[in-house]
Amino acid sequence: MDDDYYSIDSILAENQKIQCTFKVDIPDLGHLDGGHERDIKALSKIQLPLWMTYILIFSDYADFTVPAPFSSRVKNALNAECKSVRLSALVGAGASWYAFGKIVMRLLAQDAARDMGAVLTTAFRERLLEVIDQAQHFAALGHIGGAGQSNDTAAAFREGLDATERELFALAQDSARSTKQWYESTDRGRR
Amino acid sequence: MALPPSLRVSFSPQELELIACEELVEIIPLIAMEKTAFISGAYGPLRPPNKAKVPLWMAMNLKLKKKCHIVAPDWLSVEYLQDKLLQETNAEGFSALPLRFAEMSKVLLDVAAEDIPNSDKVRSLLKDIREVRQAKSRDGLKKIDHIELSLANLCAMEINEIRPFYTRAMDVLTHLARSPIADV
């Protein structure tokens, strides 16, 4: 999520690919598209990782389309019910939808970026409560094996957590568990 | 960093208990002891039927050796806690309790339950208060944004429990809400 040069999360987030449309011919770089052509022709569409697109987009060599995880279809789904959208399915396992979104937001023009920021923030805030509730519920169960009769919606929500939310889930679960253990511990045997 | 993530941002409950053990409590000693210097200060003298003020760790130690009775603090009584529970359920915010009440009451009920009048009732009242307060801090999560979250009168143990994920969530919100202009 952060911009630190050494942050592995940020490197992974920049590895997501977006579709770029080139505006000019670029000779000898056809291998970027899998190596069938020698040159990149203007108006050809190529999937490129985000870290490579900054310079292309800001120097006006290429345009990009807003990637599928942030399409209006997903936005509508988030508006309807945040908690039933599977963010992990949108960006692939282990990736962060929020970190990806943050980078795309940076590439967008001002108004579009503000809208996108609002979508990300609302989604995060509305899902946060459910993340923490479930984390504390699991901490209270004591051991993870005992989650037999949890209902399907909750399980589906957990599967749909993206990397950022997973991290929060783990933090909340750890602290709730250690506090619970402390409350149940005793010093009576000590002398 | 070599520390596990959970220890980087907050204390462990055991560390908080250690800190709380520096708080003074009243005891009725069963042994005599001259005024003695410890690293944290000089305590004593202990002269049996007279009460003395010593830190909680010392009281705990003496109690476990059956060398004193602990006098329950004012706030660890059924009336006081019932009053607080009522405030807690009726009022919006958190009621004012001693900062380290969770740690101290846990230690006292653990080692000196027989010295606290109505200890079972006290225990269940503390549990109720804790649950009401937890529900309130959960409501606070709805109001979280990237600038601040103010939950007055939260006690040390409660802050410590929510600190790791509240700070992380606010950190994420800061990144998401930052205006793109500021980035360039």
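## Views of chain A

View 1. Chain A has eight helices and three strands, where helices (H or I, at least four residues) and strands (E, at least two) are DSSP runs numbered from the N terminus. Going along the sequence, the order reads α-β-β-α-β-α-α-α-α-α-α. The radius of gyration, taken over C-alpha atoms, is 22 Å for chain A, well over the 16 Å from the globule rule for 191 residues, so the chain is more spread out than a compact globule. That rule is 2.2 Å times the number of residues to the power 0.38. Along the principal axes, the C-alpha atoms fill a box of roughly 80 × 40 × 30 Å.

**View 2. The two domains of chain A.** Domain 1 covers 17–66 and domain 2 covers 68–184, with bounds from an automatic or database domain assignment. Their C-alpha centres sit 32 Å apart. Nine residues from domain 1 and eight residues from domain 2 make up the contact, meaning heavy atoms within 4.5 Å.

**View 3. Burial in chain A.** Of the 191 residues, 41% are buried, that is, under 20% relative accessible area (1.4 Å probe, protein chains only).

**Notes.** Residues are numbered from 1 along each chain as its sequence is written, and chains are lettered from A and ligands numbered from 1 in the order in which they are written. In this predicted model, local features need pLDDT of at least 70 and side-chain atom pairs count only at pLDDT 80 or more, while totals for chains, interfaces and linings use all residues; side-chain values use heavy atoms, leaving out hydrogens and water.

Key:
Buried means under 20% relative accessible area, exposed over 50%, partly exposed in between (1.4 Å probe, protein chains only).
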